[in-house]
Amino acid sequence: MISPVQRLYETCKETFANCGPGVVPSAEKIERLKEVLDTMAGADVGLRPNMPYFKSIRYDRPPTITYLHLHECDKFSIGIFCLPPSAVIPLHDHPGMTVFSKLLFGEMHIKSYDWVDNLPAEPTPLAKPLDNGLGDSTTGIRLAKVKMNSAFRAPCKTSILYPADGGNMHCFTAKTACAVLDVLGPPYCDPEGRHCQYYYDFPFSNISVPEEQKGDYAWLKEREKPDDLTVVGALYKGPKMVK
């Protein structure tokens with residue numbers, strides 16, 4: 001019988017075979033891959049919440065996140081983020097990518113955004129968002145709309161984001177020990193312009209939307225990779241994946 005992780009690899013190969021940057025797989029292929037991921041749990045990749053990956057060693061800085069690399073090619077990558085309680089993967093984007101994220105175990109809060117390309121009509125030009133603590137420079141600032149702001153507890157369905165919608169910029173906060181299986185198509189690649197950009201998010205103001213909708217928007221400002229973000233690689237020791 002084929003193992004769940006082998007089935008995942010074979011399905012990813014089929015799903016992303018004819019795709020590239022900005023090219024989204026067909027709805028049928030997305031659903032097929034989602035169905036495979038929806039059934040997966042920590043045991044399928046050899047992970048349990050009591051393993052050392054999920055424990056905080058130091059308490060004077062944010063917990064270290066461990067990344068287990070399963071596969072990467074020019075079409076897609078498969079990996080697992082292991083987060084101790086209170087660990088955070090800061091707000092970041094996925095340029096030109098379709099991304100599947102499956103919470104294998106634990107409870108996690110996810111907040112995600114999509115860019116606002118068509119600003120709501122207003123009688124005066126959009127004011128610079130200088131009253132939100134952004135400083136004097138508005139370089140690298142764009143308006144975004146909240147796509148998701150919810151807690152998830154495993155078992156739960158797979159989250160999917162797309163190049164232009166679905167919450168392309170997201171932030172993960174571990175409420176408990178968490179393992180997140182990530183499939184990216186295509187993977188990050190700096191030479192090809194798929195750089196992982198991090199962001200600050202700031203409260204929204206200065207645009208004509210009803211007051212009750214203002215919480216649905218935020219200003220995102222580009223930032224460097226946070227100094228206190230530590231992600232270390234570790235050898236994947238789960239069931240073998242034949243390539």
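Okay, let's start with the surface: this protein exposes about 12,400 Å², and carbon and sulfur atoms supply 53% of that. Keep in mind that we're looking at a predicted model. As for the inside, buried residues make up 47% of the 243 residues.

Now the layout. You've got two helices and twelve strands.

Let's zoom in on helix H1, residues 4-15. How far apart are its end C-alpha atoms? They're 16 Å apart, and that agrees with what you'd expect, because twelve residues at 1.5 Å a residue should span 16 Å. Which residues of H1 are buried? That would be Val5, Gln6, Leu8, Tyr9, Thr11, Cys12 and Thr15.

Searching the whole structure turns up one cavity of 30 Å³ or more. The largest cavity has a volume of about 80 Å³. Who lines it? Among the lining residues are Leu103, Met108, Phe152, Cys156, Phe172 and Val180. By class, the lining has seven nonpolar, two polar and two charged residues, and Lys102 and Lys157 are part of that lining too. Strands S4 (98-105) and S5 (107-115) each supply at least two lining residues, with S4 giving the most, at three.

That's it from me, thanks!

Terms used
Residues are numbered from 1 along each chain as its sequence is written. This is a predicted model: local features need pLDDT of at least 70, side-chain atom pairs count only at pLDDT 80 or more; totals for chains, interfaces and linings use all residues. Side-chain values use heavy atoms; hydrogens and water are left out. Helices (H or I, at least four residues) and strands (E, at least two) are DSSP runs, numbered from the N terminus. The expected span of a helix is 1.5 Å times one less than its number of residues. Buried means under 20% relative accessible area, exposed over 50%, partly exposed in between (1.4 Å probe, protein chains only). Accessible areas come from the Shrake-Rupley method with a 1.4 Å probe; for residues, only the protein chains shown count as cover. On a 1 Å grid over the protein atoms alone, a cavity is a set of points where a 1.4 Å probe fits but cannot get out, and a pocket is an open set with protein on both sides within 12 Å along at least five of seven lines; lining residues have an atom within 4 Å of a point. Grid points are joined across faces, edges and corners, and a volume is the space filled by probe spheres set on the points. Ala, Val, Leu, Ile, Met, Phe, Trp, Tyr, Cys and Pro count as nonpolar, Asp, Glu, Lys and Arg as charged, and the others, Gly among them, as polar.
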